[in-house]
Each structure stands twice: as C-alpha cells, then as structure tokens.
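Here is a short tour for a first-time reader. Keep the structure open beside the text and find each part as it comes up.

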Amino acid sequence: MAMTDWNACAQRLHAGMDALGMSGEAETGDRLIDYLRELNTWNATYNLTAVRDPEAMVTRHLLDCLAVSDFVVGANLADVGAGPGLPGLVLAIARPQLAVTLVESNRKKASFLRHVRRQLGLENVEVVQSRVEDFKPARRFDCVITRAFATAGDTVRGSGHLIAPGGRFVLMKGRDPAAEMDDLPLDFRHVETVAVTVPGLGAERHVAILEPGLI
C-alpha cells in the first residue's frame with residue numbers, strides 16, 4: 001500500500017478552504033486532517049467510504065461538506081444518515097459552537113463516529129444509533145442536513161418530525177433535484193435550490209432548501 005502524503009492532503013485542504021473564504025482557520029484544517037487520518041485507518045478495515053485515496057477524500061468529502069456550511073442555520077443540527085460523519089462531523093469541527101447530532105443506523109459507522117468524537121474531543125457532537133424514523137429527540141432541530149440520503153420527498157416523510165418550527169432542511173445533491181420537488185408532502189415547501197462550487201471538484205453540486213409550512 002502506498003504511503004499517504006499527509007502534507008499534500010493538508011495543502012489541498014487549506015487551498016480549498018481559502019477558495020471557500022475560510023482562510024485563517026488553520027486549526028480547523030489541522031483537526032479536519034486528524035479526522036481524515038481516522039477515516040483512512042478505519043476505512044481499510046470497515047469500508048466506510050468508497051473513496052480510498054485520502055487526497056481525493058479531501059476534495060470529495062471535506063471540501064464538499066465545508067462548501068455547504070453557510071446554508072446551515074440555527075444553534076443545533078441533525079445529520080440524518082450521517083455515515084462516517086459527512087457532513088456532520090466536518091461541520092462540527094468547522095463550527096464548534098454548533099451542536100451536532102449524528103443519526104446513523106449502521107453499527108460500524110456509529111462506532112466510528114463515537115470513536116472520532118472521543119479522539120478529537122468533540123463535545124458539541126452527539127451520536128445516535130437509530131433509524132431516523134425511530135429517533136424521537138427531546139427537542140427538535142433548527143436545521144436537518146442530509147447527503148446522498150434519499151429523495152427529497154422520502155427525506156421529509158422520514159425525518160420531518162425532527163424539524164423545529166421555523167427550521168429548515170438542507171439537502172446536499174449532485175445534479176439539480178428539481179424533479180424531486182414535485183413529490184414533497186403538502187406541509188413542506190421548497191424554498192430554493194442553489195448551485196454550489198466545490199474547489200477542485202469537476203462535478204455538479206446543488207443544495208436544496210426546504211422549510212415546514214404549507215405551500
């Protein structure tokens with residue numbers, strides 16, 4: 001197995017963060033590389049992500065998630081179907097004032113999330129191993145985010161109970177998900193879809209914003 005050039009990973013990450021307007025956040029970048037090291041180690045055994053090359057992970061995972069940070073509103077966030085922490089752990093590292101709940105039903109992935117929480121001392125992170133339909137939080141969330149989880153309609157039907165009044169869904173998508181918006185329940189509305197540029201990624205990325213409330 002080829003040795004990972006972690007300096008090259010860090011350089012790619014910091015260049016991308018500069019392009020996203022996050023220059024001067026060196027400590028955040030260092031902690032994100034620490035997370036990536038853990039992901040790379042666990043991925044060799046548990047296959048948490050299909051992306052195997054850490055330098056590619058910088059672009060396709062870290063920068064992809066950082067690019068949506070400004071769409072996240074409020075004081076608390078739920079990442080539904082968090083997988084190995086994308087985007088929830090990335091956003092928790094980048095925004096330590098944000099309370100982040102990671103909802104993941106897969107035992108191996110939930111174990112990894114708890115491991116990273118301990119290793120990095122992420123006191124703003126809670127890991128919930130549960131199907132989202134079965135998760136009944138003590139308080140609802142200002143924002144719920146998903147990445148490659150389900151269609152917009154299925155996402156809202158499965159996790160709409162997590163959203164507080166006045167909150168929002170942030171759906172991370174590849175291509176423009178316009179066709180999915182015809183299938184929304186009547187008690188949710190599509191606010192906007194925004195094209196997002198991820199530094200170094202030559203692929204489409206969009207963010208769809210949904211809010212509770214009748215059309």
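## A buried glycine

The model is predicted. Start with G160, which is buried, at a relative accessible area of 15%; buried means under 20%. G160 sits in the loop that links α6 (152–159) and β5.

What does G160 contact beyond its neighbours within four places in sequence? The partners are T155, F169 and F188. L120 is another matter: G160 and L120 are 40 residues apart in sequence, and their C-alpha atoms are 30 Å apart in space.

## Strand β1

Strands of a sheet pair through backbone hydrogen bonds, either parallel or antiparallel. Strand β1 (residues 76–80) and strand β2 (residues 99–103) pair in the parallel sense. The pairing runs over 5 bridges. D79 stands opposite L102 in β2, and V80 stands opposite V103 in β2.

Is β1 mostly covered or uncovered? It is mostly covered, with 5 of its 5 residues buried. In a regular strand the side chains alternate between the two faces of the sheet. In β1, one side holds N76, A78 and V80, and the other holds L77 and D79. All of these are buried, and both faces of β1 are covered.

## Helices α1 and α2

Now turn to the helices. Helix α1 (residues 6–19) and helix α2 (residues 26–46) have axes that come within 10 Å. The axes cross at roughly 130°. The two helices are therefore oblique to each other, and α1 passes α2 in a right-handed crossing.

Which residues meet here? From α1 come W6, C9, A10, L13, H14 and M17. From α2 come A26, T28, G29, D30, L32, I33, L36, R37 and N40. The residues of this contact divide into 9 nonpolar, 4 polar and 2 charged.

## Helices α2 and α3

Helix α2 also packs with α3, at an angle of about 125° and with the axes 11 Å apart. This pair is therefore oblique. The crossing of α2 past α3 is right-handed.

On the α2 side, the contact is made by L32, Y35, L36, L39, N40 and N43. On the α3 side, it is made by P54, M57, V58, H61, L62 and L66. The residues of the contact of α2 with α3 divide into 9 nonpolar, 3 polar and no charged. Compare the two lists for α2.

Is A44 buried or exposed? This residue of helix α2 has 53% relative accessibility and counts as exposed. A44 and A203 are 159 residues apart in sequence, and 26 Å apart in space from C-alpha to C-alpha.

## Backbone details in the loops

In the loop between α2 and α3, N47 has a positive phi of about 50°, although it is not a glycine.

In the loop between β1 and α4 (88–94), find P87. The peptide bond from L86 to P87 is cis, with omega near 10°.

Finally, go to the loop between β4 and α6, where A148 is found. Its phi is near 50°, a positive value in a residue other than glycine. A148 counts as exposed, at 75% relative accessibility.

Methods: Residues numbered from 1 in each chain as written. Predicted model: local features only at pLDDT ≥ 70, side-chain atom pairs only at ≥ 80, totals over all residues. Heavy atoms only, no water. Axes fitted to C-alpha atoms, helices over the stretch in contact; angles between N-to-C directions. Helix = DSSP H or I, 4+ residues; strand = E, 2+ residues; numbered from the N terminus. Parallel < 35°, antiparallel > 145°, perpendicular 65-115°, else oblique. Left-handed = near helix turned anticlockwise from the far one by under 90°. Contact = heavy atoms within 4.5 Å. Nonpolar A, V, L, I, M, F, W, Y, C, P; charged D, E, K, R; others polar. Pairing = 2+ DSSP bridges. Buried < 20%, exposed > 50% of the residue type's maximum accessible area, 1.4 Å probe, protein only.
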